[in-house]
Amino acid sequence: MEPKNKVCVTGGNGFIGTTLVNTLLSSSYSVIATYHPSTSPSHHPHPHPHLSFKPADLLDATAISDAIEGCEGVFHVASPCTLEDPADPESDLVRPAVEGTVNVLEACRRHGVRRVVITSSISAMVPNPRWGTELGAVDERSWTDIDYCKSRQKWYPVSKTLAEKAAWEFAEKHGIDVVAIHPSTCLGPLLQPSLNASSAVLLNLLQGSNDTQEYHWLGCVHVQDVVNAQIRLFETPGAKGRYLCTNGIYQFKEFAETVAKLYPEYPVHRFTKETQPGLVACKDAAKRLIDLGIVFTPIEKAIQDSFNSMKEKGFLGQPKLQC
């Protein structure tokens, strides 16, 4: 079967990127997947006639341009993220995220790409202590408070927020068709060899962490739902603006209770107070995506798929006996 269209996926060997590449291929797209030269795409199971990989640092505008040339669409997923505190936040996170996004969009402008789907994050919507108290429920109007994040050394939300704002500025100036999706804590099977930050939230909880996730939590979502939404946004001509992608907004306390019920043999911390003070719960927080026909996987299934994958890959040891 001849492929529908040729598209580029930046970060095609990451957690979301790997599932996105596989789903695009099964949907008859031809895919160019980029990966950072310091990493490898070798976990993709076998060669595919409509898949090719290209090493491309986000700061290497030439490599990014070469990968995007000839593509009708681009799914910009790549953005630096680390489980550890960055040694140099500006060079490790902020600059690659912001300049990398601009490099991608400049290549899209140069090569006449029809649409760009940017994978932003809830980290570009929260933390912002004013949402839920002064400004109402978190939705697509919400933006992270950069000063708040900088004062607490939370650099990933800074990088995602500045990158998305740079994208909208570039798109408006140059007439690029951009749509942004904002996944919440993303769970599901680990197809790549490394542990991603969202899966680490579940792993830490199973290991007894009492971290409340403060203002960083809104809810969780299955990785396949994120990928389905990305493709739907690319294929829907009328899609515009920002799209929150989460199976509801609720307290991290409720998430921990669900995990504890599923895995009572693990030392999951029981929170007794609100973990996100003032957070306004919303079952259909992703209404814009629901209106486009996206059906969200139950939270329990997302947790189970992530748990089983982490256990299979050796990230999750045997549960500690509790007296």
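Predicted model: local features only at pLDDT ≥ 70, side-chain atom pairs only at ≥ 80, totals over all residues.
Contact here means heavy atoms within 4.5 Å.

Thr185 sits in strand S7, which covers residues 185-187. With a relative accessible area of 9%, Thr185 counts as buried, because the cut-off for that label is under 20%. Setting aside neighbours within four places in sequence, Thr185 is in contact with Ile122, Ser198, Val201 and Trp217, and also with Gly219, Cys220 and Val221.

Ser123 is another buried residue, at a relative accessible area of 13%. Its place in the fold is a loop, the one running between strand S5 (115-119) and helix H4 (146-151). Once residues up to four places away in sequence are left out, Ser123 touches Thr144, Tyr156, Pro157, Lys160 and Thr161.

Now for the nonpolar packing. The largest nonpolar core takes in 60 residues. Those with the most contacts inside this core are Leu24, Val31, Phe75, Leu206, Phe255, Val259 and Leu289. Helix H7 (residues 223-235) is the top contributor to this core, giving 7 residues.

Val259, one of the residues with the most contacts inside the largest core, can be looked at on its own. Ignoring neighbours within four places in sequence, Val259 is in contact with Leu202, Leu205, Leu206, Val268 and Ile303. Leu206, one of these partners, is also on the list of residues with the most contacts in that core.

Definitions and conventions: Residues numbered from 1 in each chain as written. Heavy atoms only, no water. Helix = DSSP H or I, 4+ residues; strand = E, 2+ residues; numbered from the N terminus. Buried < 20%, exposed > 50% of the residue type's maximum accessible area, 1.4 Å probe, protein only. Core = buried A, V, L, I, M, F, W, Y, C linked by side-chain atoms within 4.5 Å.
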